[in-house]
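Dear colleague,

Please find the structure below.

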Amino acid sequence: MPPARTEPPRALLLLPPAPSPPTYAALKAAYNAPLISVLQTLARSPQRSRGRAILDIAVPCPHLYGQLDAPRAPSYAQTQSLVAGLYKLICVIAAKNAIDTEDAEGVDARLLLLAHPRHGKPAQPVADTTPEQDMQGPVVSIYTLARSPRSWDTLYSVQSEQGEALLSNFLAAAGTPPPNVQRVRGGIVTVENEPPAPSESVLDAANHFSVAVGGTFDHMHIGHKLLLTMFAFVLATHRSHDPKVLTVGITGDELLKKKKYAEFLESWQDRQQAVHDFLGSIVYFGQPGDSRIKMQEINEPGPNGHAVHVTYPSGLLIKYVEIWDPFGPTITDESISALVLSLETKSGGEAVNKRRLEQGWGALDVFDVSVLDAGEEESVDETFQSKLSSTEIRRMRSERGQGDR
């Protein structure tokens, strides 16, 4: 009798290069068919055994190819449109096909950004980086992805000329016999225009070496994944030798007691672990159990004194900070230079910058993230929104009577 499986089933879907511009309609035309096929297959997989399945979705981004050294601001809008549109499409597909993608019990879809040309083979990695730096995401080369020690049960490739070319590049970069490869039907990738090459003024844009984001992060869902992906994207390139810090403010338990269905709220520790599980998977492509990854719990007096620090071999430091007010570390850590937030909390960024200026500090660069909605779709709005709301997830758990704190 085979031993019981301890790790969730994991698959990799290689999508063809993204349409340009990456409008929702263009993304749907290109990716709807392969995403439906793979999400349904994983949702019905007997290997899941009522637990989750992890789906890594690699998205080649021609606009990021050759730009790993460049500041993120010039490419932020196009990347945010792509990531938001794709996560929205996943959510719509899940709503229409009754696929569980929220919380930790369904198909856990995660977008991985590849700096990859639209046509031809990518150049070999340059020699001025360390292996540890090459393993830092969320934007990586196909060489980093293919040589990652992650173990995928199945590799899905799209049946198209570009899909076959990407699969060939991936297998050549891996340098090992192919895993279980399955091909799925593709769509139509439209290219109306490609972004111009960066100008000298674009390359002079600011690099950010310390970036912050904040939230409750209760019952991890697709909206959280979008926010965290763009948060990680803003951080300066992995090729820089400057210290790099991602600060995640997570609301403390005491501030949440008046939330709806509060008895089904996850604890701070559970929320921190869920954020780290996702964020770690998109910023580090090395060995998950690498002994060089250091985790330390901090307990100091004063505001923002409780935190969990995780340091990676590349030098990246992630600070998960328990926050007790709307500002968190943004007004106690002067080194933070950028803040990522959703459009619905944009006023919070203005309040933060007002406080920083009152303290004689520089204002933060604020990067907005879209609020997902199903305006272009029919008959999915209520179900769609339930997959993007921690309150709705808690309500459904309350109705089922099987929530875990």
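Helices (H or I, at least four residues) and strands (E, at least two) are DSSP runs, numbered from the N terminus. Please note that this is a predicted model, in which local features need pLDDT of at least 70 and side-chain atom pairs count only at pLDDT 80 or more, while totals for chains, interfaces and linings use all residues. Residues are numbered from 1 along each chain as its sequence is written, and side-chain values use heavy atoms, with hydrogens and water left out.

Although Phe-217 is not a glycine, its phi is positive, at about 55°. Phe-217 is buried, with a relative accessible area of 2% (buried means under 20% relative accessible area, exposed over 50%, and partly exposed in between, with a 1.4 Å probe and protein chains only). Ala-98 likewise has a positive phi, near 55°, but counts as exposed at 73% relative accessibility. Ala-98 sits in the loop between H2 and strand S3 (107-115).

Two cis peptide bonds also deserve mention. One runs from Ser-20 to Pro-21, with omega near 0°, and Pro-21 belongs to the loop between strand S1 (10-14) and helix H1 (24-43). Another joins Gly-137 and Pro-138, with omega about 15°; Pro-138 is in the loop between helix H3 (131-134) and strand S4 (139-140).

In H7, Lys-225, Leu-228, Thr-229, Phe-231 and Ala-232 meet Val-275, Phe-278, Leu-279, Ile-282 and Val-283 of H8, contact meaning heavy atoms within 4.5 Å.

Leu-279 is also among the residues that touch the most other members of the largest nonpolar core, which has 95 residues. Such a core is a set of buried Ala, Val, Leu, Ile, Met, Phe, Trp, Tyr and Cys residues joined through side-chain atoms within 4.5 Å. Helix H2 (residues 73-96) gives the most to this core, with 12 residues.

With kind regards
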